[in-house]
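Welcome! Have a look at the model below, and then let us walk through it together.

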There are 2 protein chains.
Amino acid sequence: MNMLRKLGVRVDKLHVVLCLACFLLCLILVYDERSGKSALEFNVYENGNGHSNKDLVFYNRTVPLLWIGGVPRSGTTLARAMLDAHPDIRCGEETRVIPRILGMHTKTIMSSLEMSRLTEAHIDERLLREALASYILTIIAGHGDPAPLLCNKDPFAIRSMSHIRKMFPNSKFIMMIRDGRSVSHSIISRHITIKGFDIKSHLGCLKDWNRAIGTMWEACKSSGPEICLPVYYERLVLDPKPQMERILKFIGIKWDDRVIHHEQAIGVKGGISLSKKEPSTNQVNKAVNQEALSKWYGEIPASTLNQLKKEAPMLKRLGYDTDQSPPDYNKLLNPLAEKTLNL
Amino acid sequence: MNMLRKLGVRVDKLHVVLCLACFLLCLILVYDERSGKSALEFNVYENGNGHSNKDLVFYNRTVPLLWIGGVPRSGTTLARAMLDAHPDIRCGEETRVIPRILGMHTKTIMSSLEMSRLTEAHIDERLLREALASYILTIIAGHGDPAPLLCNKDPFAIRSMSHIRKMFPNSKFIMMIRDGRSVSHSIISRHITIKGFDIKSHLGCLKDWNRAIGTMWEACKSSGPEICLPVYYERLVLDPKPQMERILKFIGIKWDDRVIHHEQAIGVKGGISLSKKEPSTNQVNKAVNQEALSKWYGEIPASTLNQLKKEAPMLKRLGYDTDQSPPDYNKLLNPLAEKTLNL
C-alpha cells in the first residue's frame, strides 16, 4: 500500500462535494488571451450502466500502475487473475488497443523523417506522449471498476517499458517468464496467432521466443528491481504462496489469502472478470495447478531440442536445463538458483 | 462568436484562483470503494517553454472545433492560412497523427470480430471514443497557441465526420472543393504521395479523386448546412472576400480584414505558423492569387479528358464544365450557379 499512500487518499463527504465543485468549474471553458503557451486538457467518462455523481473517481498520470507482460502463453493471464482476486487490485481483460497504440507511437518516434515533419507542426515527443497517456489512461480506468491499484495485462505492452515510465512515472512491471519449449508447444498446439511468431515450426517459434524474451529481459534488468520484477511461471505454479508474497511486497500491497485461491473470485464483484474470447480463460478458470508444465515433453523434435543452446540461448541464461529432457523445474525453487538468477 | 459565447467565458482573477484551486484538488487521486462504475480522467500538459499558472487554459469536449478537409491539393492550406490570420482562430500545421489515429479507430470499429473481443474486455465504442477524443484534443490544443476557436486541418480527417461529431459535438466542417483536373495535375506534377491515390496516371488519379470527393460530398450534404460548408477553391481565389464572409458567418466569428491579407500574418504572433515540410507552404506564402487555376491546361491527355463524364462524374455534379477546355471558372461565381449547386 506504500505506492498508494503516497498518492491516494480515501475521501469523506466534504471531499466529494469539493471535488464535484471542482469538476463543475472545470467544465467551463476558460481561456485567457494574455496566455500563450499552455493548456490543461481533461475529459470525463461514465460507464453505460448509470451511476450517481458521488461515484466519480479521479485518476491522473501519477496514478500507480502495474503492467504485467511477457511472451504470450507465459502465465500472464494466471498472474493477473491471481492479482485480480485481491480486493485492492484491478487488472481486467487484455485491452488489445493499448499495445496497438503503443506500437503506432513507437513507429512514429523511431522515424526521423516523420519526427522532422511533426516537429515542424509543433508536435514533439512530449506532446505525443501526453496524447498517448490520455488515451491509455482512459482505457485502463474505463474498462473495469476503480481500485487502489490499477493494472494492465496486455503481454506485449512491456516492450514499451521506457515510454510507459515516461508517461506514468509510478509504473511497476511484472515480467512473466516461462520455459520457451512450453511456450512454443502451447502456441503451436493451440494455433495461437502472434504477430512476429512462427506458429508452424518449433525451431522458428523458439527463435522468436528467444528474441522477444531477450529484449524484455534486458529492459527489465536495466530498469532495476524496484521497477521490474521477473516472475517464473514454473515457480508460481509449483509454490504459489512465496511467489505471490514476493509480488505483493514488490507492489506494496498487503497480503490477502484470496490471491492463492483465485478460482473462488471469478465473476465475484471486486474479483476477476474473464473474457470468453481470450485463449487462456479456460485454463485460469481452475485453481493453480501444474498440468501445463509437462505438456511439451515428447512433442518437440529432437533435432530442435539439440539446437537450443545455439538458437535459444535465453533458455540457459534464464536457468532452464536444456541438457535434461524433461527438466526438473523444482530446481528453479532452489534458494541457490534464486541467487544465481538474481531474483 | 456565437459558437464561442455558448461555451466560453472570459475570466477575471477570482475565476483564475478558483480554477487553480479546482486544478490542485483534481490532482489528488481520489477513490471511493463504494463506487463502482465511473471515472473522471484528465491530464495536464504544459509547453516546454515555461509559463506561470495563470496561463493555464482549459478545454473540454464541448469546445467548438473547426475541421478543414477535402482532397489534398484542393486549397485546404490556403483556407486554413486565411483563417489563421484571424486573431480569434488558430488552425496550425497538419498534425498527421490525427487522421492516422482516426483511421486506426475506424478499422477497429468496422471489424465485428475485433469489436466482439473488445466488448468482452468491457471496451465499447463509447469508451474507445472517449480515449480517442482525449488523444485528439491533447494534440489540437497542444500544438499551437490557445484561441477562442481551435481548428484542425488534416485534409482526410473530414472522412471521419460522423465519429468526430460524436466526440466533439460542437464541431463544424469546411469541405474544400477544387476541379479534379487541377488536383490531378498538382499531385502528378509535384510527385505528391497520397495513400490510395494513383500518382502516375491522370486517369487513375481522377478516378481516385472522384471516389474520395464523392464520399466527402455525401457526408457533408447529409450533415446539413449548419454543420458542413462546401467551399470552392476557384471561388475563393477569384473573389476572396464574399467567400471569407460566408465562412466566418458559418463559424460565427466576426469579420476581420486580416483574413483577406493572410500573407501579412505569416510568422506574426497570433497569426499563421507554416511548416517547412508541407508541400503547400511555398504557395500560401504569397497573397491570394489565381496562378494555379490554369496550370493543368494542356497537361492532361485528351484521351483522359474524353472519359471524364464516365470516370469522374463528380466533376459535372459539382458544377465543373467538362465540355469546354479550358473551362471558365468565373461561371462558378454566377448567382445562378450558386443556386444550382445549393451553396
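## Helices side by side

Helices α4(B) and α6(B) are roughly antiparallel to each other, because an angle over 145 degrees counts as roughly antiparallel. The axes of α4 (residues 97–110) and α6 (residues 125–142) of chain B cross at roughly 175° and come within 10 Å. Here an axis is a line fitted to C-alpha atoms, for helices over the stretch in contact, and angles run from 0 to 180 degrees between N-to-C directions. Contact means heavy atoms within 4.5 Å. On the α4(B) side the contact includes B:Ile98, B:Ile101 and B:His105, and on the α6(B) side it includes B:Leu128, B:Leu132 and B:Tyr135.

A word on the ground rules: this is a predicted model, where local features need pLDDT of at least 70, side-chain atom pairs count only at pLDDT 80 or more, and totals for chains, interfaces and linings use all residues. Residues are numbered from 1 along each chain as its sequence is written, chains are lettered from A and ligands numbered from 1 in the order in which they are written, and side-chain values use heavy atoms, leaving out hydrogens and water.

## The sheets

Chain A has 16 helices and 9 strands; these are DSSP runs numbered from the N terminus, helices being H or I of at least four residues and strands E of at least two. In chain B, an open sheet of 5 strands with parallel pairing has the order β6-β7-β5-β8-β9. Its edge strands, β6 and β9 of chain B, each pair on one side only. Chain A also has an open sheet of 5 parallel-paired strands, in the order β6-β7-β5-β8-β9. Two strands pair if DSSP finds at least two bridges between them.

| Parallel pair | Bridges | Residues opposite each other |
|---|---|---|
| β5(B) and β8(B) | 6 bridges | B:Trp67 and B:Phe173 |
| β6(A) and β7(A) | 2 bridges | A:Arg90 and A:Leu150 |

Helix α9 (residues 202–223) of chain B lies across β5, β8 and β9 of that chain, at about 140° to β8(B).

## The inside

Buried residues (under 20% relative accessible area, 1.4 Å probe, protein chains only) make up 59% of the 343 residues in chain A. The largest nonpolar core has 199 residues, and A:Leu83 and B:Leu83 have the most contacts inside it. Such a core is a set of buried Ala, Val, Leu, Ile, Met, Phe, Trp, Tyr and Cys residues joined through side-chain atoms within 4.5 Å. Among the residues that B:Leu83 touches are B:Leu66, B:Cys91 and B:Met244.

Notes: Buried means under 20% relative accessible area, exposed over 50%, partly exposed in between (1.4 Å probe, protein chains only). Angles under 35 degrees count as roughly parallel, over 145 as roughly antiparallel, 65 to 115 as roughly perpendicular and the rest as oblique. Lists of a residue's contacts leave out its neighbours within four places in sequence.
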